[in-house]
Amino acid sequence: MSTARIDRASSPMNGRQDWETRRKRKIADITQALNVDPVDVATLRRMAISEGGLLTDEIRCQVWPRLLNIPPHLLDQEPEKVERDNNKDYNQVLLDVQRSLRRFPPGMPDEQREGLQEELIDIILRVLQRNPQLHYYQGYHDIVVTFLLVVGERLATVLVEKLSTHHLRDFMDPTMDNTKHILNYLMPIIERVNPEVHDFMQQAEVGTVFALSWLITWFGHVLSDFRHVVRLYDFFLACHPLMPIYFAAVIVLHREEEVLDCECDMAMVHHLLSQIPQDLPYETLISRAGDLFVQFPPSELAREAAAHESMAASTFKDFELASTQQRPDIVLRRRRRQKQASPESSTLSPVMTVAQPSTARRFVRLAVMGLTVALGAAALAVVNTALEWAPKLDLFP
């Protein structure tokens, strides 16, 4: 009798019923948070971070504007007509949008897709025209198309403009200096958690170019399943602007065995890391990224990121060239050949020894807690550490 009860309790049917119960409870919590005055944004953030995210596009249409603190009166404004003639960004935007066919749902009628592509062009040009201080970059359209497909042109214009002047602001500078600075947080995070993987990557001199497209597109360019993309957008919109780099770190850490089994060669390691598996355990990785953010907040890593920036200065020309050509493997192999052809470079650039963190610090972990509690802590840390970042990103105008 007891065995039968255990079998029923662990059956797939029972699991589906349990998820459906939690799903209904989450929808009720989101609805309640939206209906109170003022809106309970803290609860909405927790809902966006916790398992399953915001569940549906209908809910995202209501919650995403709240997560970005969009004034309600802006949500009903009709977007103005865009002038494409003599627009300095139009040709590049057009080329990128024409290459974005795989970002639209398979089986979508050509006429519908072409209409959405026209709207995508208009959103991008509209945001850039309103904000001349912003500079278009290749990959920006991958973020914009996600918002377009979820919330439509009118609302996407408002959300993308706010995102572009806040979370994405560093990517839209005339140079890639600030983008490089954000990427420099990647290796310190990996070092804190797994020094062996960190040292292997340092020895391979792989750098962080492999994660460039992850970061500047919020993984929209590299994930084939749209459900996974919007789940990550729920998470990122609810969190600190640097959360995507923490998520990039947990992907690398999740692939520890693959990395360490790889030949310790720049091009080989870069190729491995740049190919993201499509079957990642996203909810587990989101939870882990939240844990790492709590354990190692940006304020704690800032000095190490700055130090890494100075160490990486000699490779930044390669970084810029890779991002321009969209072919980092070629650039990395070229750099390797140049180093092999110049023996004197070994005396000019000695192998760097990496200081090992203390054993106690390396194995710091949060107290054992459930997923909801852990991510609740992450959400709380988002608010606190975002204030430290605010002078640069103007998160709270």
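Predicted model: local features only at pLDDT ≥ 70, side-chain atom pairs only at ≥ 80, totals over all residues.
I started at K162, whose side chain comes within 3.3 Å of the backbone oxygen of N69.

I looked up where K162 sits, and it belongs to helix α8, which spans residues 153–164. Is K162 buried or exposed? I had to check the cut-off here: K162 has 16% relative accessibility, and buried means under 20%, so K162 counts as buried. Next I listed what K162 touches, skipping residues up to four places away in sequence, and got L68, N69 and I70.

**Over to N69 and α4**

N69 made me look at its backbone, and I found a positive phi, near 55 degrees. N69 follows helix α4, which covers residues 57–67. Which residues of α4 are buried? I noted I59, R60, V63, W64, P65 and L67. I also reminded myself that an α-helix has 3.6 residues a turn, so residues three or four places apart point the same way.

**I189**

I then moved to I189, in helix α10, residues 186–193. I189 has 0% relative accessibility, so I put it down as buried. What is I189 in contact with, leaving aside neighbours within four places in sequence? My list reads I245, Y246, A249, L292 and L301. I picked Y246 from that list and checked the spacing: I189 and Y246 are 57 residues apart in sequence, while their C-alpha atoms are 7.3 Å apart in space.

Technical notes: Residues numbered from 1 in each chain as written. Heavy atoms only, no water. Helix = DSSP H or I, 4+ residues; strand = E, 2+ residues; numbered from the N terminus. Buried < 20%, exposed > 50% of the residue type's maximum accessible area, 1.4 Å probe, protein only. Polar contact = N/O pair within 3.5 Å; in protein donor to acceptor, adjacent residues only side chain to side chain. Contact = heavy atoms within 4.5 Å.
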